[in-house]
Amino acid sequence: MNHTAPYPIGTPGTPWGAAEKAQWLAGQVRRRSYADEVVAAIEPLRSKFDVVEYGTLQYGDERFPLLAIRSRDRNDALPVALVTGGVHGYETSGVHGALQFVRDHAADFAGRVNLLVAPCISPWAYERIHRWNAEAIDPNRSFRADSPAQESAALIKLVEPVRDRVLVHIDLHETTDTDETEFRPALAARDGKPFEPDGIPDGFYLVDDSENPQPEFQKAVIEAVAKVTHIAPADAQGRIIGSPVVAPGVIEYSLRKLGLCAGVTDARYKTTTEVYPDSPRATPEQCNLAQAAAVCAALEYALAHP
Ligand SMILES: [Zn+2]
């Protein structure tokens with residue numbers, strides 16, 4: 001693969017305008033169904049949980065209900081645990097790992113915490129297996145006031161009433177080979193910047209908040225996930241994806257400053273999972289299990305250290 005070949009859309013060094021974004025959008029193909037794979041998987045949960053439609057995403061004549069799952073017997077004396085997935089629609093195990101957590105483990109937390117689970121924040125991108133929304137915006141750089149991304153603005157509004165009571169927030173992601181072959185080159189092209197090739201780590205890792213690091217919490221999640229799938233090693237420079245490794249499988253970002261989903265509350269415990277689905281050593285089932293295990297460990301740790 002020739003990494004120096006220019007991205008096929010736009011002029012190198014010049015940020016995209018409306019014409020380039022339209023050209024990009026025209027090339028996006030619907031590859032799977034949010035209704036069949038996600039909405040249909042949420043339906044059976046209505047017998048035990050409250051399902052709320054917290055917004056409708058609209059692009060052209062396409063509409064997507066934005067759905068969240070909540071504990072039925074909410075108790076205001078209990079803290080809130082927020083679980084988010086599919087902020088990046090192509091990161092499949094974030095969506096299905098969140099749903100698997102609800103199906104298989106949410107009952108274990110009944111009476112201990114109020115659950116709020118938004119499993120697929122970016123349904124248009126889920127269908128296109130893409131990172132951006134239809135306006136070539138990354139929702140996971142858009143969690144800020146007056147967000148330019150409908151997906152992010154809707155979640156901010158959903159969380160607002162309980163924002164001060166969120167004890168723990170876990171945001172479920174993947175780092176994939178297509179990050180390096182498609183999404184990072186597209187990002188560089190969109191912004192008129194050079195693409196700097198980097199590697200993709202083989203294994204699971206977490207992103208902590210550099211503004212409020214919680215190393216023991218991150219460690220508890222890593223230890224739980226290590227029983228399900230392998231943890232990403234640091235590269236020769238002691239880094240994962242360009243950031244210094246602060247503990248096995250853990251890096252830090254300034255969540256709020258970057259407009260990341262995990263910075264949407266002031267929760268004491270925040271983390272972003274990064275599953276590597278393209279590993280020859282990981283199956284899709286394992287990726288979903290890793291996400292669900294991470295959620296369980298995060299909630300158990302937070303509830304034991306409120
Ligand atoms: Zn992601």
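1. **Cysteines.** This is a predicted model. The closest cysteine sulfur to that of C296 belongs to C287, and it lies 16 Å away, too far for a bond. A disulfide needs two sulfur atoms within 2.5 Å. The disulfide count is zero.

2. **Burial of those cysteines.** C120 is buried, at 2% relative accessibility. C296 is buried too, at 15%. The cut-off for buried is under 20%.

3. **Main core.** The largest nonpolar core holds 83 residues. Y54, I69, F101, L155 and L299 touch the most other members. Helix 9, residues 284-304, supplies the largest share of this core, with eleven residues. In soluble globular proteins, nonpolar side chains tend to be buried together.

4. **Second core.** There is also a separate core of eight residues. Among them are Y205, A232, L255 and L260.

5. **F101.** Which residues does F101 contact, leaving aside its neighbours within four places in sequence? They are A106, F109, L115, A292, V295, C296 and L299. F101 and L299 are both named among the core residues that touch the most other members. C296, the buried cysteine at 15% relative accessibility, is thus a contact of F101 as well.

6. **Helix 3 against helix 9.** Helix 3 covers residues 92-105. Its axis comes within 8 Å of the helix 9 axis, and the two cross at roughly 60°. That angle makes helix 3 oblique to helix 9. The crossing is right-handed.

7. **Residues at that crossing.** Helix 3 makes the contact through S93, G94, H96, G97, Q100, F101 and H105. Helix 9 uses C287, N288, L289, Q291, A292, V295, C296 and L299. Both C287 and C296 are therefore on the helix 9 side of this contact, yet their sulfurs are 16 Å apart, too far for a bond.

8. **P123.** Is P123 buried or exposed? P123 counts as buried, at 0% relative accessibility. This proline is found in helix 4, residues 123-128. Not counting residues up to four places away in sequence, P123 touches Y34, L57, F64 and L66.

Terms used:
Residues are numbered from 1 along each chain as its sequence is written. This is a predicted model: local features need pLDDT of at least 70, side-chain atom pairs count only at pLDDT 80 or more; totals for chains, interfaces and linings use all residues. Side-chain values use heavy atoms; hydrogens and water are left out. A nonpolar core is a set of buried Ala, Val, Leu, Ile, Met, Phe, Trp, Tyr and Cys residues joined through side-chain atoms within 4.5 Å. Buried means under 20% relative accessible area, exposed over 50%, partly exposed in between (1.4 Å probe, protein chains only). Helices (H or I, at least four residues) and strands (E, at least two) are DSSP runs, numbered from the N terminus. Contact means heavy atoms within 4.5 Å. Axes are lines fitted to C-alpha atoms, for helices over the stretch in contact, and angles run from 0 to 180 degrees between N-to-C directions. Angles under 35 degrees count as roughly parallel, over 145 as roughly antiparallel, 65 to 115 as roughly perpendicular and the rest as oblique. A crossing is left-handed if the near helix is turned anticlockwise from the far one by less than a right angle, and right-handed if clockwise.
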